[in-house]
Amino acid sequence: KFKCSISLANREEIIGYIGALEYRRASIELAHAFKMIAREKPSVKFLIIGSGPLKSKLMKLINNDPILRSKLKLIDSVPYEDLPKYMNKLRVLVFPSRQDGLPNTIIEAMACGCIVLASPIGGIPDVIIHNKTGFLLKALSPHAIRETLLQVMSYSDYRLSTLSMNAVTFVKNLFSLESAIKRWHKILK
């Protein structure tokens with residue numbers, strides 16, 4: 001279900017986040033980064049899919065800023081089977097996290113051809129190879145997230161499309177049934 005059905009070059013400039021709205025996921029810091037980018041890059045739109053304990057704080061931040069409110073769509077949740085449709089609209093998925101293993105959201109977004117920016121924690125650096133299959137965030141402050149996003153958005157469509165296809169290929173090779181069978185054969189020998 002998770003596959004690249006819209007090439008990166010044919011997607012609008014939409015930056016998104018899909019996940020829990022909680023402290024460990026740095027969702028408030030991300031919203032502040034979005035607020036800054038909304039002023040610097042008028043063509044960019046934002047999508048957040050998620051809910052959690054920080055939702056009311058996030059809603060307040062969005063509603064108190066008319067510029068951000070006009071550019072950001074917040075959706076509580078979507079059926080799992082609809083996630084590929086949303087991921088194929090995103091140009092960039094940001095996944096800032098203080099604590100994680102290897103979130104499925106990152107792998108699914110890569111399979112859909114999203115450019116992924118994520119924290120270098122847990123198993124994330126095993127799939128996000130900086131500047132090859134995605135980008136690793138240096139820090140979780142709003143300014144650090146903003147800086148990385150602006151840098152990535154400044155890259156040419158060719159460079160980003162190449163990186164997008166690298167991510168799709170990486171996920172296909174690593175998580176295909178054939179690949180899993182080969183790994184199990186090695187383990188069981």
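In this predicted model, the side chains of Glu-29 and Arg-98 meet in a salt bridge, with 2.5 Å from N to O. This pair links distant parts of the chain, since Glu-29 sits in helix 1 (residues 27-40) while Arg-98 belongs to the loop between strand 4 (92-95) and helix 5 (104-111), 69 residues apart. The protein chain holds nine helices and six strands, and its radius of gyration is 16 Å, close to the 16 Å that the globule rule gives for 189 residues, so the chain is as compact as a globular protein of that length.

**Overall form**

- Taken along the principal axes, the C-alpha atoms of the protein chain fill a box of roughly 60 × 35 × 30 Å.
- Buried residues account for 50% of the 189 residues in the protein chain, and the chain exposes about 9600 Å², of which carbon and sulfur atoms supply 56%.
- When contacts between residues at least 6 apart in sequence are considered, 71% of them join residues at least 24 apart.

**Salt bridges**

- Side chains of opposite charge can pair when their charged atoms come close.
- The count of salt bridges comes to ten when a side-chain nitrogen of Lys or Arg must lie within 4 Å of a carboxyl oxygen of Asp or Glu.
- Within the pair that opens this briefing, Glu-29 counts as buried because its relative accessibility is 18%, under the 20% limit for that class, whereas Arg-98, at 30% relative accessibility, counts as partly exposed.
- Asp-65 forms a salt bridge with Lys-35, and the closest N and O atoms of the two are 3.8 Å apart. This pair also links distant parts of the chain, with Asp-65 in the loop between helix 2 (55-63) and helix 3 (66-71) and Lys-35 in helix 1, 30 residues apart.
- Asp-65 counts as buried, with a relative accessibility of 2%, while Lys-35 is partly exposed, with a relative accessible area of 28%.
- Lys-45 forms a salt bridge with Glu-12, in which the closest N and O atoms are 2.8 Å apart. Distant parts of the chain are linked by this pair, as Lys-45 lies in strand 2 (residues 45-49) and Glu-12 in the segment before strand 1 (14-18), 33 residues apart.
- Both partners count as partly exposed, Lys-45 with a relative accessible area of 39% and Glu-12 at 46% relative accessibility.
- A network of salt bridges links Glu-22, Arg-24, Arg-25 and Asp-100.

**Surroundings of Ile-14**

- Ile-14 lies in strand 1 and counts as buried, with a relative accessibility of 13%.
- Leaving aside residues up to four places away in sequence, Ile-14 touches Lys-45, Phe-46, Leu-47, Lys-89, Leu-90, Arg-91 and Val-92. Lys-45, listed here as a contact of Ile-14, is also the residue that forms a salt bridge with Glu-12.
- Ile-14 and Val-152 are 138 residues apart in sequence, and their C-alpha atoms are 13 Å apart in space.

**Nonpolar surface patch**

- Trp-184, Ile-187 and Leu-188 form a nonpolar patch on the surface, and together they have about 400 Å² of accessible area.
- Trp-184 has its place in helix 9 (residues 177-188), and Trp-184 counts as exposed because its relative accessibility is 53%, over the 50% limit for that class.

Key: Residues are numbered from 1 along each chain as its sequence is written. This is a predicted model: local features need pLDDT of at least 70, side-chain atom pairs count only at pLDDT 80 or more; totals for chains, interfaces and linings use all residues. Side-chain values use heavy atoms; hydrogens and water are left out. Patches are made of residues with over 30% relative accessible area and no salt bridge: like charges are joined within 9 Å, nonpolar side chains (Val, Leu, Ile, Met, Phe, Trp, Tyr) within 5 Å. Accessible areas come from the Shrake-Rupley method with a 1.4 Å probe; for residues, only the protein chains shown count as cover. Helices (H or I, at least four residues) and strands (E, at least two) are DSSP runs, numbered from the N terminus. Buried means under 20% relative accessible area, exposed over 50%, partly exposed in between (1.4 Å probe, protein chains only). The radius of gyration is taken over C-alpha atoms; the globule rule is 2.2 Å times the number of residues to the power 0.38. Contact means heavy atoms within 4.5 Å.
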